[in-house]
Amino acid sequence: MSDLQIGLIALGVLLILLVLGFNWWQDRRVRRKMQVHFPSTEQDPLLGAGETPPARAHAAPTPAQRREPGMGVGDSASAAPGGMPAGAVAAGAVHASAAQAAAEPERDDAEEPDPACEVVIEIHFAEPVRGADLLPYTQSLRQIGRKPVRVFAGTDRGRHRARIHGDESYASLQLAVLLANRSGPLTAIEWSQAWARAQDLAERFEATIEGPDQQQVVEQAGRLDAACAALDTQVGLTLLLGTAQPAAEVMNVARELGFASDGPRLAWLTDTGAVRFTLSRTDGAPFDAGMGGIERLTLLLDVPCSPADPRAFGRMVDVGRDLAARLRAELVDDSGRGLIEGADKVIDERLQVLFAQLDEAGLPAGSERSQRVFA
């Protein structure tokens, strides 16, 4: 046998040994990982089916488990099963809860721009920017002309945020500009102002901006405004108090009846806290403005902003009559005439048609979208 053949045989044996060694090392590595993720236990899980499993660290105690704190050494509340001090159990629960919270993935915020009534300007940063640096600039971006602006952001970890936090870093911003409200459609001037503010922000933080063409934005705003104008309805009633009555007395009577404060006005709320209709001074001043008395009050049902209700107007009439009786006032319609018996039912039937039209237009009565565009 030649030296070449011997050398080739030796090389083959060496390669086989290397492969076997590598396989052994891989097998050992996998076993270690499995032991970490699935630690061994002395109890067979199949045989332990009858045992009561320990409570999870984040589970709330049942009423039967609650105990008043005690000072006695022999108090059963001072020790955990197995002789472990209760303090150690509590500390373990806290650490377990913290570990679980840390292990949970970050979640996106639910609130997002609404493409049906907002137009978005995208701002992308060359490098992530700290929220603490962005906040002073974004806080002044809440209004452009007569249109509100909402600021959204994307973190450097790919999470969506509905508001900026000082302890996070962001890779992008979104400026959502409202297309229309009761002040009219978004104008070319307002859009230019929004774009200029976005450009200023981009220059300060080395970013690029993207957005739709101005003509496209103006046309979309006009269409939305026209659709809203055809559906915008408010129904009012007037309370004639005869002689001026002190504002404090009027407010006390209204609150006793069930009205709640809502800025400069009072509001009649649903069970969920939504505004059904409002009560305000007819002169538009806050209730506590000045020292003079109040002679007129207005009850107003803002149909697109109020939740759909089969008796939306009739409910306001009932409350208005009760309030008029307590204030010794007269309840009249917008024209100053007394209410005709049965008129509330006729108006409610018409309002049901309007509620359906709002739904068809994608503007459900009382929804967040409707409250934006009918503001």
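1. C228 counts as buried, with a relative accessibility of 6%. Buried means under 20% relative accessible area, exposed over 50%, and partly exposed in between (1.4 Å probe, protein chains only). This is a predicted model: local features need pLDDT of at least 70, side-chain atom pairs count only at pLDDT 80 or more, and totals for chains, interfaces and linings use all residues. Residues are numbered from 1 along each chain as its sequence is written, and side-chain values use heavy atoms, with hydrogens and water left out.

2. C117 is buried too, at 1% relative accessibility. The closest cysteine sulfur to that of C117 is in C228, 8.5 Å away, so the two are too far apart for a bond. C228 is in no disulfide. A disulfide here is a pair of cysteine sulfur atoms within 2.5 Å. By this rule the count is zero disulfides.

3. L257 lies in helix 6, residues 247-257. Helices (H or I, at least four residues) and strands (E, at least two) are DSSP runs, numbered from the N terminus. L257 is buried, at 13% relative accessibility. Which residues does L257 contact, leaving aside neighbours within four places in sequence? They are W268, V319, D322, L323 and R326. Contact means heavy atoms within 4.5 Å. L257 and L323 are 66 residues apart in sequence, yet their C-alpha atoms are 7.4 Å apart in space.

4. E168 sits in the loop between strand 4 (160-161) and strand 5 (169-178). Is E168 buried or exposed? E168 counts as buried, at 17% relative accessibility. Its side chain makes a polar contact with the side chain of Y170, at 2.7 Å. A polar contact is a pair of N or O atoms within 3.5 Å; within protein, one must be able to donate a hydrogen and the other to accept it, and residues adjacent in sequence count only if both atoms are side-chain atoms. With neighbours within four places in sequence set aside, E168 is in contact with E106, V129, R130, G131, T155 and R161.

5. I9, V13, I16, L17 and L20 make a nonpolar surface patch of about 490 Å². Patch residues have over 30% relative accessible area and no salt bridge; like charges are joined within 9 Å, nonpolar side chains (Val, Leu, Ile, Met, Phe, Trp, Tyr) within 5 Å. A salt bridge is a side-chain nitrogen of Lys or Arg within 4 Å of a carboxyl oxygen of Asp or Glu. I9 is found in helix 1, residues 3-37. I9 is partly exposed, with a relative accessible area of 48%.

Technical notes:
Accessible areas come from the Shrake-Rupley method with a 1.4 Å probe; for residues, only the protein chains shown count as cover.
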